[in-house]
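Student: Can you walk me through this one? I'd like to start with the strands.
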Amino acid sequence: MNPVEIEEAVSNLALEPFDQAEFPFQFLRAFGQKDTALTRLRAGNTNQSDVPGAILQRGNIHIAACDPGRVDETLKALRESPKTTSQKAKFILATDGEAFQAEDMNGGGTVACAYSEFPDHFGFFLPLAGITTVEQIRESSFDIKATGRLNKLYVELLKDNPDWARRSADMNHFMARLIFCFFAEDTDIFLGEGLFSKTIEQMSARDSSDTHIVMAEIFRAMDTKPETREAASIKPYARKFPYVNGQLFSGSTECPRFTKIARSYLLHISSLNWKKINPDIFGSMIQAVADDEERGALGMHYTSVPNILKVLNPLFLDDLREKLEEAGDNGRKLLNLRNRMAKIRVFDPACGSGNFLVIAYKEMRAIEAEINKRRGEPDRRSDIPLTNFRGIELRDFPAEIARLALIIAEYQCDVLYRGQQEALAEFLPLDSQNWITCGNALRLDWLSICPPTGTGVKVQANDLFETPLDQAEIDFENEGGETYICGNPPYLGSTWQDAEQKSDLERIFGHRTKSWKSLDYVAGWFMKAADYGLQTRTVAAFVSTNSICQGQQVPILWPLVFSADHEIGFAHTSFKWANLASNKAGVTVVIVGLQRRRSSAPVLFQEADDGSTVAREVDCINAYLCAAPRTEVQQARAPLNGLPSMVRGNMPYDGGHLLLTLDEVERLSLSDDQRARFIRKNYGGAEFIRGIERYCLWLDDVDLEEALSNPAIKGRVEAVRTMRLASPDKGANEMAKRAHQMREMNIGTNHTIVAAAISSENRPFLPCGVIDNRTTINNKNYALYDAPLWTMALIASRLHWVWVGTVCVRLEMRFSYSNTLGWNTFPIPTLTDQNKADLTRCAEDILLAREAHFPATIADLYDPEKMPEDLRAAHDRNDEVLERIYIGRRFRNDTERLEKLFELYTKMTAKSGRGKAA
Ligand SMILES: C[S@@+](CC[C@H](N)C(=O)[O-])C[C@H]1O[C@@H](n2cnc3c(N)ncnc32)[C@H](O)[C@@H]1O
């Protein structure tokens with residue numbers, strides 16, 4: 001269940017008559033508990049409670065519906081129950097149908113309210129549904145509720161107005177108008193309580209036949225100045241509505257037809273308290289309403305405010321706060337700061353429903369309010385123009401919502417800092433036209449939408465011939481000073497981009513690099529920001545998939561950005577960008593801040609193990625977001641470091657027909673001699689790590705005739721041939737000529753040193769090992785055939801782990817090993833014979849330590865929680881020996897390791913004339 005569905009279920013439960021016996025089960029069902037789990041709980045099988053009449057579900061909740069007036073003592077009993085602790089209950093809850101009390105046993109929060117109001121606190125209990133909440137969401141029950149109600153109305157309206165489904169821009173504009181009206185009638189922007197909904201209720205027929213007509217008339221009034229209303233024949237009931245303008249009600253005021261159900265939804269929505277709306281959160285939530293694909297995840301893709309602040313604080317807000325601190329009560333300094341802020345432009349070129357802009361605006365208003373307070377001008381009108389917060393958004397609904405969200409944020413800030421009266425006096429008419437541009441940010445000219453200085457906005461770019469703006473551009477209120485670009489542009493790997501997106505990238509990168517096709521879509525925003533920065537004073541920071549700072553994208557994108565005279569001014573290394581879909585579903589992102597001229601030392605932010613953020617001032621930040629000189633590691637076909645050659649394992653390309661289980665091998669009924677010649681053990685990545693036994697057909701040409709006389713083998717070879725011939729890939733068709741073999745047929749004469757291609761980032765060392773000459777590997781592993789054992793010591797080292805984790809591609813966070821990026825580029829000092837002998841001993845010790853735990857697999861042995869001490873000690877010695885070769889002592893930490901590796905890489909590539917080192 002998503003939060004919207006949960007909210008609805010909880011609200012429905014509160015409306016039903018209180019049933020003491022049933023309540024605990026009803027409550028759990030509302031949070032998505034399956035009937036089977038509830039049946040077992042009801043039967044007592046899984047009820048762990050030691051409090052009479054209560055229900056305790058392990059790891060979840062201890063809940064009791066009690067007799068009237070006994071809520072306090074029941075909650076106390078639940079709190080003091082030893083089972084609450086031993087069964088790790090997240091919550092305790094007691095209610096008698098009148099009062100409702102609950103406690104969060106981990107976070108310590110409490111809820112105490114009337115029973116009828118408990119749905120307002122449903123966000124508090126979202127962990128019961130497996131949804132990890134952030135602080136704000138607990139307070140944003142309203143936003144989820146409103147999103148759910150509006151979604152119902154939207155769906156119902158489209159049912160009865162199929163033509164409006166095709167007119168999505170009109171429909172979205174209509175929804176934005178409605179939201180404005182709901183907000184306005186609850187905040188005294190409309191005079192008279194519930195003016196909008198009451199007028200609809202009273203003036204339109206109960207059968208809903210003319211709801212759309214009454215509403216259209218109200219909208220028309222809001223687009224007509226009071227002095228011209230008479231002439232425009234505005235109906236008397238609509239004349240009570242103020243003139244709003246600001247393009248919100250201009251143009252057609254046509255409304256979709258309402259069914260009776262839609263009319264009742266409308267009135268129901270208006271009964272919510274819209275004062276409570278959070279324009280930043282609400283906007284993100286409601287985006288999904290107009291999106292067929294997203295609707296299922298309604299309310300899930302909420303972006304947390306703390307995450308947005310990770311971009312905005314270092315970008316410019318921290319600096320403003322510092323200046324405020326420095327200014328103290330010095331009136332002139334405070335004034336300078338206020339003047340500076342009035343000219344700051346914030347520009348989000350993928351703004352969605354405007355959450356970055358809204359938060360930037362609200363934070364700046366808070367600073368300004370403090371300035372005004374210190375200067376003794378608390379009621380002063382804000383000098384920060386809303387229209388300095390510019391955005392580009394591709395989809396029209398979020399673009400509509402972004403503007404509305406900013407309008408609402410402005411009003412709420414005015415109420416908060418200046419008082420209701422002042423806020424109202426200046427709110428209407430909305431004097432600004434649309435300053436959020438609906439269009440493709442990679443095609444539009446940013447300079448024309450957000451010009452650095454001057455008040456005008458001119459559309460200059462040729463690009464606009466292809467994507468015309470469908471609304472008037474509006475000018476700025478003042479000359480402008482600094483411009484800050486921010487946002488969370490879309491991430492799309494190269495295989496997921498559609499033709500238009502590819503062509504967006506080609507237009508930006510085609511003339512700069514041949515390799516642009518490998519770039520993620522988000523790269524376009526970084527390049528455009530750097531190009532923009534060449535024309536004006538700006539700093540840009542985007543949230544991005546971490547893939548642009550790893551592996552093959554680094555040497556493609558970053559030299560271009562750097563050569564556009566930009567550097568990384570601050571960055572946040574990889575972290576999960578969580579949303580309500582649950583923490584784990586969030587993507588792994590980085591934040592990269594670009595600037596042209598450095599005014600202070602770059603700052604690198606990193607998430608510590610306890611989840612806190614650690615900031616470090618450094619000399620420079622390279623494209624891998626390491627505190628090291630600029631270096632982009634290029635793929636190398638052969639080792640640059642003099643190490644033995646590493647190749648990828650054999651590619652079966654067989655549709656699974658050359659691979660066999662032990663059982664299948666037995667069923668071939670081969671003689672011992674045939675078995676020795678035709679069969680080899682075969683490891684894929686998972687088989688190697690988890691010790692899964694698997695075999696393959698391994699047929700030399702000389703043995704082919706004999707092998708094919710075995711019908712089962714013949715059948716398998718034929719199946720491979722058919723599969724390869726059917727492939728659209730010419731190479732595969734060619735391989736059909738030798739369908740009895742894999743693409744490569746490499747195997748060690750004596751042994752093979754193996755490194756698994758994909759591995760969990762949680763293992764402290766890369767999975768590697770040695771296999772014998774009767775075992776082969778497939779393309780999910782890399783091989784050093786017959787290489788000396790000390791090479792395994794290198795792969796098993798922490799230094800190599802750090803290097804591979806940085807310069808190779810990551811799949812989410814998982815390591816993806818690569819010979820061309822990880823092994824061939826690994827910087828290593830020249831090894832003496834003695835070094836090699838020492839490292840050989842270390843590798844042997846690691847293998848012996850593993851042997852001592854036979855039959856534990858690599859997965860068992862390298863589980864970070866369970867790694868055996870003797871194995872850990874063997875790795876420790878390995879690291880000790882290797883690191884002494886590098887610097888004569890152990891490295892203090894991974895940061896120091898990486899810095900040294902980048903230094904050596906720079907030297908190595910400078911010597912060999914390869915690579916691009918700055
Ligand atoms: C990851 S969302 C971020 C939106 C918002 N900041 C948030 O956190 O919800 C990216 C936004 O970029 C928009 N977008 C995608 N491609 C775009 C393009 N070429 N030009 C402008 N906006 C685009 C999407 O519609 C989406 O709203």
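Tutor: We'll go through a strand, a pair of helices and a record entry. Keep in mind that this is a predicted model.

Student: Okay, strand β9. Is β9 mostly covered or uncovered?
Tutor: Mostly covered. β9 spans residues 483-487, and five of its five residues are buried.

Student: Which way do the residues of β9 point?
Tutor: Thr-483, Ile-485 and Gly-487 point one way. Tyr-484 and Cys-486 point the other way. Both sets are buried.

Student: Which strand does β6 join, and how many bridges are there?
Tutor: β6, residues 345-348, joins β9 through three bridges, and the two run parallel. Phe-347 has Ile-485 in β9 as its bridge partner.

Student: And how many bridges join β9 to β10?
Tutor: Five, and these strands run parallel. β10 covers residues 538-545. Here Ile-485 stands opposite Ala-540 in β10.

Student: Switching to helices. At what angle do α14 and α15 cross?
Tutor: Roughly 160°, with their axes coming within 9 Å. α14 is residues 305-327 and α15 is residues 331-342.

Student: What does that make α14 and α15 to each other?
Tutor: Angles over 145 degrees count as roughly antiparallel, so α14 and α15 are roughly antiparallel to each other. Their crossing is left-handed.

Student: Which residues meet there?
Tutor: From α14, Leu-320, Lys-323, Leu-324 and Ala-327. They meet Lys-333, Leu-334, Leu-337 and Met-341 in α15.

Student: Last topic. What does UniProt place at residues 833-910?
Tutor: Its unreviewed entry puts "domain: MmeI-like C-terminal" there. In the model, residues 833-910 are 76% helix and 0% strand. The end C-alpha atoms of that span lie 26 Å apart.

Key. Residues are numbered from 1 along each chain as its sequence is written. This is a predicted model: local features need pLDDT of at least 70, side-chain atom pairs count only at pLDDT 80 or more; totals for chains, interfaces and linings use all residues. UniProt positions are given in the numbering used here, feature names are shortened, and annotations may be inferred rather than shown by experiment. Helices (H or I, at least four residues) and strands (E, at least two) are DSSP runs, numbered from the N terminus. A residue is buried if 20 or more other C-beta atoms lie within 10 Å of its own, exposed if 12 or fewer, and partly exposed in between; C-beta atoms are placed from the backbone. Two strands pair if DSSP finds at least two bridges between them. Axes are lines fitted to C-alpha atoms, for helices over the stretch in contact, and angles run from 0 to 180 degrees between N-to-C directions. Angles under 35 degrees count as roughly parallel, over 145 as roughly antiparallel, 65 to 115 as roughly perpendicular and the rest as oblique. A crossing is left-handed if the near helix is turned anticlockwise from the far one by less than a right angle, and right-handed if clockwise. Two residues are in contact if their C-beta atoms, placed from the backbone, lie within 7 Å.
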